[in-house]
Amino acid sequence: MLSSSCVNSLDLAGNLFDIPQTPRSLPRVMTVPGIISDLDSYAGNDGDLEVTSSTVRERKIVVANMLPLQAKRDTESGKWRFTWDEDSLLLQLKDGFSPETDVIYVGSLKADVEPSEQEEVSQKLLEDFTCVPAFLPQDLQKKFYLGFCKQHLWPLFHYMLPMCPDHGDRFDRNLWQAYVLANKIFADKVMEVISPEDDYVWIHDYHLMVLPTFLRKHYNRVKLGFFLHSPFPSSEIYRTLPVRDEILRGLLNCDLIGFHTFDYARHFLSCCSRMLGLDYESKRGHIGLDYFGRTVYIKILPVGIHMGRLESVMNLPSTSVIAKEIRKQFDGKKVILGIDDMDIFKGISLKLLAMEQLLKQHSDLRGKVVLVQIVNPARGSGKDVDEAKRETYLTASRINEVYGSPLYQPVILIDRHVHRYEKTAYYAVAECCIVNAVRDGMNLVPYKYIICRQGTSYMDEAFGIKSDSPRTSMLVVSEFIGCSPSLSGAIRVNPWDIDAVADALSLAITMQESEKQLRHEKHYRYISTHDVAYWARSFMQDLERACQDHYNKRCWGIGFGLGFRVMSLSCSFRRLSVNHIVSAYKRTSTRAIFLDYDGTVIPQSSIIKSPSPEVISVLKTLSEDPKNTVFIVSGRGRSSLSEWLASCDMLGIAAEHGHFIRWNKTSEWEIYPLDVDLDWKKIVEPVMRLYTEATDGSSIEIKESALVWHHQDADPDFGSCQAKELLDHIESVLANEPAVVKRGQHIVEVKPQGVSKGFVAERVLMNMAEEGKLPDFVICIGDDRSDEDMFERILRTVSGPTLPAVPEIFACTVGQKPSKAKYYLDDTADVVRLLQGLAAVSRPKPECPVQGQVSFESAA
């Protein structure tokens, strides 16, 4: 039975809602712009398309909740009429692609199309706009968008938790299922047109975060990018979401994930670390997460604006006319401009309170400064929006009553549809623009303001301004919005600090013109060179780089439902088959077996560190086989290993990474190096104790030859950070000491120079060769970084001139991860099963008794 928290949502589509099926299958491959060809032979994972390169143009499939179209029904004919939405980011990003690129859009329409009309509309949009509409039933659309997206994801991603029924809606699993189903419908539409070996798919925003799972399930090597246009919350907030793992895994099925700021990316990486146990690293300047052999790259780049689109609006005659009227209306006054959606996160009421405080503190500004607040229609609905609107009007009314007069209104609210040219006119006239959102993904209002203040030659002529005259602008921006880091010349504020915002507004309107000019020039240089085309081009270049190794690895899918992911491994890296190694084991006569302890024969997470009876039995059997030389090679101390493995008389033990070596139970411990100097321990131990006291959950393990600092029970982020600091600290104090510092899995270890597991393996193999027992079979199994040295040294030793014949080598790591080994086993249970298979060959066969003849005599 499937748990309620992990519905097999991949098969959800047929039982939750009555969804009309698409009347016809859409063609898959576009060979010429506007002409689509059906390929009937197309089938199977990753596809078997055979289309000549001369006919296939480069294609990008852009997927978003809404298509970049405007829909309107013709009143006379009753037919639908569609036009491009010139303000849509999805349409503008095409400028970042080459002219030879075909862009196909997949998304919903901003109109309700009757089921009987859907086939005709689909065909028209595909032929005229290369758009593929995803039609969602009204009930599903409501639950998906207004329900899960706007009631759960949007508030959570903006740091709003449903602490009580009056403060956000509690998690509703029916809405979650609607979200999954809607994502599956979008995925089906993508699969109708995709050529998986050639096309790149770019998914946009939080509405479609599990869509990558559906696509990756059908096409293991599909080229997937995702960009999140909203904030990503910290792990303390995100972890409250009941379906947190499903969404994270959905995003990780992409090849590249984009964020506006490093803060958003850092929060995502922290969630992956804390909830999924994934670590990340920077690879040549690019942040990458290793996810089951695939590298998922992280892109940090804020979106830009479309310069040409904005300049074309500035060059409209109506823009100049409106701008002149605004200048005349506010003659002698300084205009502060705010343009925001009616949203609880935009901080409109906080902005008004700051304006009130400004007028209260600076009586000389009364009658000289005006805040024009343009309120865009709310994108959502509910009591929160109604309350924000009510508070906005009450605050504005109060300010105007207290500080206004018949000829002066300090706050002007424009709560109606405002045309682009009118907004552009306000941008051009305002001396200061304030964006005071308490949390926002990007917010391009500051960018548009800067460009409009720069103006165009047409506007200069209309206003009678010389083309070389200096331009000025001033920005007051919240530190909680995505564009804030890129606007280094803006006055950054905490929107909750009313006094600080009021002071920032005062500074902005009283600043010297020369400084305003310098700040404006700095902003204009950045915004004009980092436009939407630059953003799209940079993202797509990184996506292409992230996908370049797709066909250099073997891929297969694992997991069910939304837990599905793709395993991607090197073609030479494969699972070690028990039958394969047993066969090699049987035909060889001189064998060397090296086994790590923790994480190999004993689970790393096990509290009980002594070996189980099954492990003792198999080690005893293998080590007592005269054809075998078996060693446990561990970082643990010799006393513990001697006690735990006491019943294995012929087992060799290398303790503390080979500082102590014992060939069997009756032999003496050998120490390497003989003249080891351990005085450095007196230096290192106080340093480790300092970090232990400062890091809750950490501890020190004191060995005879080494010191180990453990942080597996500490906070993951803090423990990792402290480990890095400790490593640097110890390396600096041991600069001239005969010791090395190594960082392993949740540990920092200091040990004598020259001591390693690789040395143990090399020494054992050389000793066997000296005794005339040339090994023809070598197996080495380990799970940690320290075992990689053992794999490398074995390969180097057996291929050297000392051994005349190269034995069969099985270097095997535990867990599927990058390794110098050629084989892997999934976990310690797999290791034990493999060793049991070898032990079954070594175990002495019981002698069969001689069967005598038995006679049955009848009774006399």
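A residue is taken as buried under 20% relative accessible area, as exposed over 50%, and as partly exposed in between (1.4 Å probe, protein chains only). The model is predicted, so that local features need pLDDT of at least 70 and side-chain atom pairs count only at pLDDT 80 or more, while totals for chains, interfaces and linings use all residues. Residues are numbered from 1 along each chain as its sequence is written, and side-chain values use heavy atoms, with hydrogens and water left out.

Aromatic pairs, that is, rings of Phe, Tyr and Trp (its six-membered ring) with centres within 6.5 Å, are counted as stacked for planes under 30 degrees apart, as edge-to-face over 60 and as tilted otherwise; the structure holds 29 of them. The rings of Phe232 and Phe259 are edge-to-face because their centres are 6.3 Å apart and their planes stand at 85°, and both residues are buried. The pair formed by Phe631 and Trp663 is likewise edge-to-face, since the ring centres are 5.3 Å apart and the planes lie at 90°. Helices (H or I, at least four residues) and strands (E, at least two) are DSSP runs, numbered from the N terminus. Because Phe631 lies in strand E24 (residues 628-633) and Trp663 in the loop between strand E26 (660-662) and strand E27 (670-671), this pair ties together parts that are 32 residues apart in sequence. Phe631 is buried, with a relative accessible area of 1%, whereas Trp663 is partly exposed, at 22%.

A charge sits over a ring if NZ of Lys or CZ of Arg is within 6 Å of the ring centre and within 35 degrees of the ring normal. The charged end of Arg638 is placed in this way over the ring of Phe660, 4.0 Å from its centre.
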